[in-house]
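Q: I have a structure open and would like to go through part of it. Could we start with a loop and then turn to the helices?

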Amino acid sequence: MNRVHAARGAFSVTNFGGIAWLARLGHETGHEPSGHKKSHCVSCDSSRTAFASLTPHPCATGWPGQTGLVSDGPRAHSLYRLPSGRQENRSPAGMAQTPLGTLVRPIGGKMKISATLLFVSLLSVLLVAQRPATRPVVHLRTVVDLTHPLNASTPTYEETKEPTYRANTVATFEKDHYFAREICLPEHFGTHLDAPAHFAKGHWTVDQIPPDRLMTRLVVLDETAKVKNDSDYQLSAADITSWEKLHGQIPAKAVVVLRTGWETRWNSAKDYRNPDAKGVMHFPGFGLDAARLLVEGRKVYGLGIDTLSIDYGPSPDFPVHQYSLAHSLYHLENIANLTSVPANGALVVVAPMKLEGGSGAPVRILAIVQ
Ligand SMILES: [Zn+2]
(Lines give C-alpha, C1' and ligand atoms only; values in the text may rest on other atoms or scores of the structure.)
Protein backbone atom coordinates (compact mmCIF):
# COMPACT_ATOMS: atom_id res chain seq x y z
CA MET A 1 0.00 0.00 0.00
CA ASN A 2 1.60 3.25 -1.00
CA ARG A 3 1.36 6.41 1.00
CA VAL A 4 -1.50 7.93 -0.91
CA HIS A 5 -3.61 4.80 -0.73
CA ALA A 6 -2.86 4.44 2.96
CA ALA A 7 -4.10 7.95 3.54
CA ARG A 8 -7.24 7.29 1.54
CA GLY A 9 -8.00 4.40 3.83
CA ALA A 10 -7.52 6.53 6.88
CA PHE A 11 -9.96 9.09 5.57
CA SER A 12 -12.64 6.64 4.65
CA VAL A 13 -14.86 7.70 7.52
CA THR A 14 -17.55 10.21 6.71
CA ASN A 15 -17.98 12.04 9.97
CA PHE A 16 -15.85 15.15 9.83
CA GLY A 17 -16.45 16.20 13.38
CA GLY A 18 -13.32 18.27 13.97
CA ILE A 19 -10.16 17.67 15.90
CA ALA A 20 -11.70 14.84 17.92
CA TRP A 21 -12.31 13.10 14.66
CA LEU A 22 -8.75 13.75 13.61
CA ALA A 23 -7.56 12.18 16.84
CA ARG A 24 -9.48 9.04 16.02
CA LEU A 25 -7.85 8.62 12.65
CA GLY A 26 -5.48 5.76 12.24
CA HIS A 27 -6.67 3.04 14.58
CA GLU A 28 -10.41 3.29 14.11
CA THR A 29 -9.93 2.73 10.45
CA GLY A 30 -7.34 0.03 10.92
CA HIS A 31 -4.75 2.22 9.32
CA GLU A 32 -1.21 2.12 10.60
CA PRO A 33 1.08 4.85 9.30
CA SER A 34 3.91 3.05 7.61
CA GLY A 35 6.76 4.46 9.74
CA HIS A 36 4.92 3.64 12.95
CA LYS A 37 4.13 0.11 11.94
CA LYS A 38 7.66 -0.78 11.06
CA SER A 39 9.26 0.72 14.07
CA HIS A 40 6.85 -0.18 16.78
CA CYS A 41 4.32 -2.79 15.88
CA VAL A 42 6.89 -5.18 14.55
CA SER A 43 8.55 -5.05 17.93
CA CYS A 44 5.24 -5.65 19.61
CA ASP A 45 4.41 -8.62 17.51
CA SER A 46 7.54 -10.38 18.57
CA SER A 47 7.53 -9.44 22.23
CA ARG A 48 4.25 -7.81 23.01
CA THR A 49 3.64 -9.29 26.45
CA ALA A 50 6.82 -8.50 28.25
CA PHE A 51 7.31 -5.26 26.44
CA ALA A 52 3.85 -3.94 27.13
CA SER A 53 4.09 -4.81 30.81
CA LEU A 54 7.12 -2.66 31.37
CA THR A 55 6.70 0.18 28.96
CA PRO A 56 3.17 0.84 27.80
CA HIS A 57 3.30 0.72 24.08
CA PRO A 58 1.59 3.60 22.32
CA CYS A 59 0.30 1.42 19.55
CA ALA A 60 -1.08 -1.32 21.73
CA THR A 61 -2.59 0.73 24.51
CA GLY A 62 -2.52 4.48 24.12
CA TRP A 63 -2.41 6.33 27.41
CA PRO A 64 -5.29 7.51 29.54
CA GLY A 65 -6.07 11.10 28.80
CA GLN A 66 -4.01 11.11 25.67
CA THR A 67 -5.25 13.72 23.28
CA GLY A 68 -3.31 12.77 20.20
CA LEU A 69 -0.39 14.14 18.37
CA VAL A 70 -0.03 17.28 16.41
CA SER A 71 3.15 16.62 14.51
CA ASP A 72 5.93 14.13 14.43
CA GLY A 73 8.43 16.26 12.54
CA PRO A 74 10.95 14.05 10.78
CA ARG A 75 9.17 11.04 9.38
CA ALA A 76 11.34 8.55 11.20
CA HIS A 77 10.36 9.93 14.62
CA SER A 78 7.15 10.16 16.54
CA LEU A 79 6.26 12.49 19.38
CA TYR A 80 4.38 10.81 22.20
CA ARG A 81 2.63 12.32 25.16
CA LEU A 82 3.50 10.42 28.29
CA PRO A 83 1.13 9.91 31.23
CA SER A 84 3.03 12.46 33.27
CA GLY A 85 2.45 15.10 30.63
CA ARG A 86 6.06 15.27 29.50
CA GLN A 87 6.81 14.41 25.94
CA GLU A 88 9.34 12.07 24.56
CA ASN A 89 10.74 11.73 21.11
CA ARG A 90 11.34 8.13 20.18
CA SER A 91 13.04 6.93 17.08
CA PRO A 92 12.25 3.60 15.46
CA ALA A 93 15.74 2.46 16.36
CA GLY A 94 15.17 3.32 19.98
CA MET A 95 11.84 1.54 20.05
CA ALA A 96 13.40 -1.56 18.53
CA GLN A 97 15.69 -1.82 21.53
CA THR A 98 13.01 -3.10 23.84
CA PRO A 99 13.51 -3.73 27.56
CA LEU A 100 13.51 -7.40 26.73
CA GLY A 101 17.24 -7.07 26.31
CA THR A 102 17.54 -6.56 30.05
CA LEU A 103 15.40 -9.58 30.88
CA VAL A 104 16.91 -12.19 28.66
CA ARG A 105 20.27 -13.41 29.79
CA PRO A 106 22.62 -15.67 27.84
CA ILE A 107 23.55 -18.68 30.01
CA GLY A 108 25.81 -21.43 28.73
CA GLY A 109 25.29 -20.33 25.19
CA LYS A 110 21.49 -20.53 25.54
CA MET A 111 18.94 -17.85 26.34
CA LYS A 112 17.17 -18.43 29.62
CA ILE A 113 14.02 -16.59 30.59
CA SER A 114 14.17 -15.36 34.13
CA ALA A 115 11.49 -15.93 36.74
CA THR A 116 10.85 -12.22 36.70
CA LEU A 117 10.08 -12.27 33.03
CA LEU A 118 7.71 -15.19 33.46
CA PHE A 119 5.83 -13.42 36.21
CA VAL A 120 5.64 -10.20 34.28
CA SER A 121 4.48 -12.03 31.19
CA LEU A 122 1.64 -13.76 32.99
CA LEU A 123 0.57 -10.52 34.62
CA SER A 124 0.61 -8.80 31.26
CA VAL A 125 -1.56 -11.44 29.67
CA LEU A 126 -4.18 -10.78 32.33
CA LEU A 127 -3.94 -7.02 31.91
CA VAL A 128 -4.10 -7.16 28.14
CA ALA A 129 -7.12 -9.46 28.28
CA GLN A 130 -9.00 -6.93 30.43
CA ARG A 131 -7.93 -3.86 28.48
CA PRO A 132 -10.66 -1.99 26.59
CA ALA A 133 -10.41 -1.32 22.87
CA THR A 134 -7.19 0.31 21.76
CA ARG A 135 -6.97 4.07 21.63
CA PRO A 136 -5.50 5.83 18.65
CA VAL A 137 -2.28 7.68 18.19
CA VAL A 138 -2.55 10.30 15.49
CA HIS A 139 0.25 10.73 13.01
CA LEU A 140 -0.25 13.93 11.10
CA ARG A 141 2.76 13.58 8.89
CA THR A 142 2.74 17.01 7.34
CA VAL A 143 0.71 20.17 7.46
CA VAL A 144 1.13 22.10 4.22
CA ASP A 145 0.27 25.78 4.08
CA LEU A 146 -1.50 26.42 0.78
CA THR A 147 -1.57 30.19 1.40
CA HIS A 148 0.47 33.01 -0.08
CA PRO A 149 1.61 35.72 2.34
CA LEU A 150 -0.26 39.01 1.93
CA ASN A 151 1.66 42.17 1.08
CA ALA A 152 1.60 45.16 -1.24
CA SER A 153 3.16 43.11 -4.06
CA THR A 154 0.31 40.58 -4.17
CA PRO A 155 -1.04 40.26 -7.75
CA THR A 156 -4.66 41.33 -8.17
CA TYR A 157 -7.33 40.62 -10.76
CA GLU A 158 -7.97 44.31 -11.36
CA GLU A 159 -4.92 46.36 -12.21
CA THR A 160 -4.79 49.48 -10.09
CA LYS A 161 -2.41 52.41 -9.97
CA GLU A 162 -2.31 52.48 -6.21
CA PRO A 163 -1.77 49.32 -4.15
CA THR A 164 -5.06 48.00 -2.85
CA TYR A 165 -3.29 46.60 0.21
CA ARG A 166 -2.26 49.01 2.93
CA ALA A 167 -0.80 48.26 6.33
CA ASN A 168 -0.21 51.15 8.72
CA THR A 169 1.60 50.82 11.97
CA VAL A 170 -0.53 52.18 14.81
CA ALA A 171 1.55 51.11 17.79
CA THR A 172 5.28 50.54 18.26
CA PHE A 173 7.36 49.03 21.03
CA GLU A 174 9.35 52.25 21.38
CA LYS A 175 6.28 54.40 21.92
CA ASP A 176 3.51 52.10 23.08
CA HIS A 177 5.36 49.02 24.38
CA TYR A 178 3.52 46.81 21.93
CA PHE A 179 3.20 46.42 18.17
CA ALA A 180 0.01 46.67 16.13
CA ARG A 181 -1.08 47.62 12.63
CA GLU A 182 -4.30 48.42 10.84
CA ILE A 183 -4.80 46.97 7.40
CA CYS A 184 -6.96 47.74 4.40
CA LEU A 185 -7.43 45.25 1.59
CA PRO A 186 -10.12 43.96 -0.79
CA GLU A 187 -12.16 40.89 0.12
CA HIS A 188 -10.80 39.09 -2.95
CA PHE A 189 -7.10 39.54 -2.30
CA GLY A 190 -4.25 37.07 -2.28
CA THR A 191 -5.24 33.53 -1.42
CA HIS A 192 -8.94 34.06 -0.85
CA LEU A 193 -12.38 32.47 -0.79
CA ASP A 194 -15.32 33.44 -3.00
CA ALA A 195 -18.58 32.99 -1.13
CA PRO A 196 -21.69 31.93 -3.07
CA ALA A 197 -23.03 35.48 -2.59
CA HIS A 198 -20.20 36.77 -4.79
CA PHE A 199 -22.19 35.86 -7.93
CA ALA A 200 -25.49 34.50 -6.60
CA LYS A 201 -27.64 37.15 -4.94
CA GLY A 202 -29.17 36.01 -1.67
CA HIS A 203 -26.90 33.00 -1.31
CA TRP A 204 -24.44 32.44 1.55
CA THR A 205 -22.08 35.22 2.43
CA VAL A 206 -18.68 34.17 3.74
CA ASP A 207 -19.79 34.09 7.37
CA GLN A 208 -22.80 31.93 6.48
CA ILE A 209 -20.93 29.05 4.87
CA PRO A 210 -21.54 26.05 7.17
CA PRO A 211 -18.31 25.19 8.98
CA ASP A 212 -18.58 21.49 8.14
CA ARG A 213 -17.93 22.49 4.53
CA LEU A 214 -14.64 24.08 5.49
CA MET A 215 -12.88 20.93 6.66
CA THR A 216 -13.04 18.10 4.22
CA ARG A 217 -11.16 15.98 1.68
CA LEU A 218 -8.75 17.55 -0.78
CA VAL A 219 -8.46 16.40 -4.39
CA VAL A 220 -5.76 17.85 -6.64
CA LEU A 221 -5.88 17.60 -10.43
CA ASP A 222 -2.51 18.38 -11.97
CA GLU A 223 -2.72 19.78 -15.48
CA THR A 224 0.60 21.61 -15.56
CA ALA A 225 1.74 19.72 -18.65
CA LYS A 226 -1.24 20.89 -20.71
CA VAL A 227 -0.99 24.44 -19.42
CA LYS A 228 2.64 24.67 -20.56
CA ASN A 229 1.39 24.52 -24.15
CA ASP A 230 -1.76 26.54 -23.62
CA SER A 231 -2.03 29.40 -21.15
CA ASP A 232 -5.78 29.52 -21.75
CA TYR A 233 -6.29 25.86 -20.92
CA GLN A 234 -9.65 24.99 -19.38
CA LEU A 235 -10.13 21.85 -17.32
CA SER A 236 -12.57 19.50 -19.08
CA ALA A 237 -14.92 16.77 -17.91
CA ALA A 238 -12.64 14.34 -19.77
CA ASP A 239 -9.72 15.46 -17.57
CA ILE A 240 -11.77 14.54 -14.52
CA THR A 241 -12.65 11.08 -15.78
CA SER A 242 -8.98 10.52 -16.68
CA TRP A 243 -8.02 11.42 -13.11
CA GLU A 244 -10.67 9.07 -11.76
CA LYS A 245 -9.28 6.15 -13.76
CA LEU A 246 -6.07 6.52 -11.76
CA HIS A 247 -7.40 7.52 -8.35
CA GLY A 248 -11.01 6.42 -8.13
CA GLN A 249 -14.14 8.56 -8.20
CA ILE A 250 -13.86 11.99 -6.66
CA PRO A 251 -15.60 11.75 -3.27
CA ALA A 252 -18.67 13.78 -2.48
CA LYS A 253 -18.09 16.89 -0.33
CA ALA A 254 -14.48 17.21 -1.49
CA VAL A 255 -12.70 20.41 -2.40
CA VAL A 256 -11.32 19.91 -5.91
CA VAL A 257 -8.26 21.98 -6.73
CA LEU A 258 -6.77 22.46 -10.18
CA ARG A 259 -3.00 22.71 -10.18
CA THR A 260 -1.78 24.55 -13.26
CA GLY A 261 1.79 25.44 -12.28
CA TRP A 262 0.83 29.13 -12.40
CA GLU A 263 2.07 29.77 -8.87
CA THR A 264 5.66 29.88 -10.19
CA ARG A 265 4.69 33.31 -11.59
CA TRP A 266 3.45 34.62 -8.24
CA ASN A 267 6.38 36.96 -7.63
CA SER A 268 5.72 38.86 -10.87
CA ALA A 269 2.27 40.42 -11.04
CA LYS A 270 2.79 41.00 -14.76
CA ASP A 271 3.57 37.35 -15.48
CA TYR A 272 0.82 36.18 -13.15
CA ARG A 273 -1.83 38.35 -14.81
CA ASN A 274 -0.24 37.65 -18.24
CA PRO A 275 -2.09 40.31 -20.25
CA ASP A 276 -1.86 40.55 -24.04
CA ALA A 277 -1.47 43.80 -25.99
CA LYS A 278 -5.16 44.55 -25.50
CA GLY A 279 -4.96 43.97 -21.76
CA VAL A 280 -6.83 40.66 -21.88
CA MET A 281 -5.39 38.30 -19.28
CA HIS A 282 -4.37 34.76 -20.16
CA PHE A 283 -4.25 32.06 -17.52
CA PRO A 284 -5.92 28.64 -17.17
CA GLY A 285 -9.16 27.82 -15.37
CA PHE A 286 -12.07 25.40 -15.01
CA GLY A 287 -14.26 24.67 -18.03
CA LEU A 288 -18.01 24.73 -17.52
CA ASP A 289 -18.42 21.05 -18.42
CA ALA A 290 -15.89 20.13 -15.73
CA ALA A 291 -17.73 22.29 -13.18
CA ARG A 292 -21.04 20.66 -14.08
CA LEU A 293 -19.63 17.18 -13.57
CA LEU A 294 -18.11 18.12 -10.22
CA VAL A 295 -21.23 19.88 -8.96
CA GLU A 296 -24.00 17.64 -10.25
CA GLY A 297 -22.14 14.36 -10.65
CA ARG A 298 -19.78 14.44 -7.67
CA LYS A 299 -21.54 16.81 -5.24
CA VAL A 300 -18.32 18.57 -4.23
CA TYR A 301 -18.22 21.47 -1.76
CA GLY A 302 -15.65 23.71 -3.39
CA LEU A 303 -13.36 24.41 -6.34
CA GLY A 304 -9.85 25.82 -6.08
CA ILE A 305 -7.04 26.94 -8.35
CA ASP A 306 -3.55 28.42 -8.31
CA THR A 307 -4.50 31.37 -10.55
CA LEU A 308 -6.42 34.63 -10.13
CA SER A 309 -9.77 33.09 -11.02
CA ILE A 310 -11.68 29.82 -11.32
CA ASP A 311 -12.73 31.01 -14.80
CA TYR A 312 -9.86 31.19 -17.27
CA GLY A 313 -8.19 34.54 -17.94
CA PRO A 314 -9.93 35.69 -21.15
CA SER A 315 -13.42 34.90 -19.84
CA PRO A 316 -15.70 37.93 -20.30
CA ASP A 317 -18.66 36.61 -18.31
CA PHE A 318 -17.36 34.12 -15.70
CA PRO A 319 -19.69 31.20 -16.49
CA VAL A 320 -18.15 28.87 -13.88
CA HIS A 321 -18.47 31.52 -11.17
CA GLN A 322 -22.11 32.05 -12.15
CA TYR A 323 -22.90 28.35 -12.21
CA SER A 324 -21.04 26.86 -9.25
CA LEU A 325 -21.56 29.71 -6.77
CA ALA A 326 -25.29 29.55 -7.55
CA HIS A 327 -25.05 25.88 -6.50
CA SER A 328 -23.68 26.90 -3.09
CA LEU A 329 -20.07 25.95 -3.75
CA TYR A 330 -17.25 28.21 -2.68
CA HIS A 331 -14.12 29.00 -4.66
CA LEU A 332 -10.50 29.18 -3.52
CA GLU A 333 -8.23 31.29 -5.70
CA ASN A 334 -4.49 31.99 -5.73
CA ILE A 335 -3.68 28.77 -3.89
CA ALA A 336 0.02 28.12 -3.11
CA ASN A 337 2.30 25.11 -2.61
CA LEU A 338 0.28 22.58 -4.55
CA THR A 339 3.46 20.67 -5.37
CA SER A 340 3.51 19.52 -1.75
CA VAL A 341 0.15 17.75 -1.58
CA PRO A 342 -0.91 14.43 -3.11
CA ALA A 343 -3.55 14.02 -5.79
CA ASN A 344 -5.80 12.34 -3.26
CA GLY A 345 -5.89 11.46 0.41
CA ALA A 346 -5.18 14.78 2.13
CA LEU A 347 -7.56 16.77 4.28
CA VAL A 348 -8.04 20.47 3.83
CA VAL A 349 -8.86 23.11 6.42
CA VAL A 350 -10.32 26.26 4.85
CA ALA A 351 -10.35 29.18 7.29
CA PRO A 352 -11.57 32.46 5.80
CA MET A 353 -11.97 35.62 7.84
CA LYS A 354 -15.54 35.54 9.11
CA LEU A 355 -16.59 38.80 7.52
CA GLU A 356 -20.26 39.38 8.19
CA GLY A 357 -22.03 39.91 4.88
CA GLY A 358 -18.79 39.36 2.96
CA SER A 359 -18.70 38.32 -0.71
CA GLY A 360 -15.41 36.62 0.05
CA ALA A 361 -12.39 36.93 2.30
CA PRO A 362 -8.69 36.24 2.57
CA VAL A 363 -8.34 32.63 3.64
CA ARG A 364 -5.77 30.44 5.33
CA ILE A 365 -5.78 27.04 3.67
CA LEU A 366 -4.01 24.13 5.33
CA ALA A 367 -3.64 20.65 3.88
CA ILE A 368 -3.11 17.78 6.29
CA VAL A 369 -1.16 15.02 4.60
CA GLN A 370 -0.91 11.60 6.20
ZN1 LIG B 1 -12.52 35.95 -5.78
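A: F318 lies in the loop between β13 (302-305) and α12 (319-326). Please keep in mind that this is a predicted model.

Q: What is the phi of F318?
A: The phi of F318 is near 50 degrees, which is a positive value in a residue other than glycine.

Q: Is F318 buried, exposed or partly exposed?
A: F318 counts as partly exposed, because it has 16 C-beta neighbours inside 10 Å. A residue needs 20 or more to count as buried.

Q: Next, α12. Which residues are buried there?
A: In α12 the buried residues are V320, H321, S324 and L325. They share one side of α12, because they cover an arc of only 105 degrees around the axis.

Q: Why do residues three or four places apart point the same way in an α-helix?
A: An α-helix has 3.6 residues a turn, so residues with that spacing point the same way.

Q: What do the buried residues of α12 pack against?
A: They pack against β8 (192-194), β12 (285-286), α11 (288-297), β13 and β14.

Q: And what follows α12?
A: S328 follows α12, and its phi is positive, near 70 degrees.

Q: You mentioned α11. Which of its residues are buried?
A: A290, A291, L293, L294 and V295 are buried in α11. The buried residues of this helix pack against α12, and also against β10 (234-235), α9 (237-247), β11 (255-259), β12 and β13.

Q: Which residue just after α11 has a positive phi?
A: That is K299, with a phi of about 55 degrees.

Q: Changing topic: where is N337?
A: N337 is in the loop between β14 (330-333) and β15 (346-352). Its phi is positive, about 60 degrees, although N337 is not a glycine. N337 counts as partly exposed because 16 C-beta neighbours lie inside 10 Å.

Q: Now the largest nonpolar core. How many residues does it have, and which touch the most other members?
A: The core has 49 residues, and those touching the most other members are L218, V256, V257, L294 and A367. One of them, L294, is also among the buried residues of α11.

Q: What does L218 touch?
A: Leaving aside residues up to four places away in sequence, L218 touches A254, V255, V257, V341, A346, L347, V348 and A367.

Q: Which residues does the second core include?
A: The second core is separate and has six residues, including W262, Y272, L308 and Y312.

Key: Residues numbered from 1 in each chain as written. Predicted model: local features only at pLDDT ≥ 70, side-chain atom pairs only at ≥ 80, totals over all residues. Helix = DSSP H or I, 4+ residues; strand = E, 2+ residues; numbered from the N terminus. Buried ≥ 20, exposed ≤ 12 C-beta atoms within 10 Å, placed from the backbone. Arc of directions from axis to C-beta. Contact = placed C-beta atoms within 7 Å. Core = buried A, V, L, I, M, F, W, Y, C linked by C-beta atoms within 7 Å.
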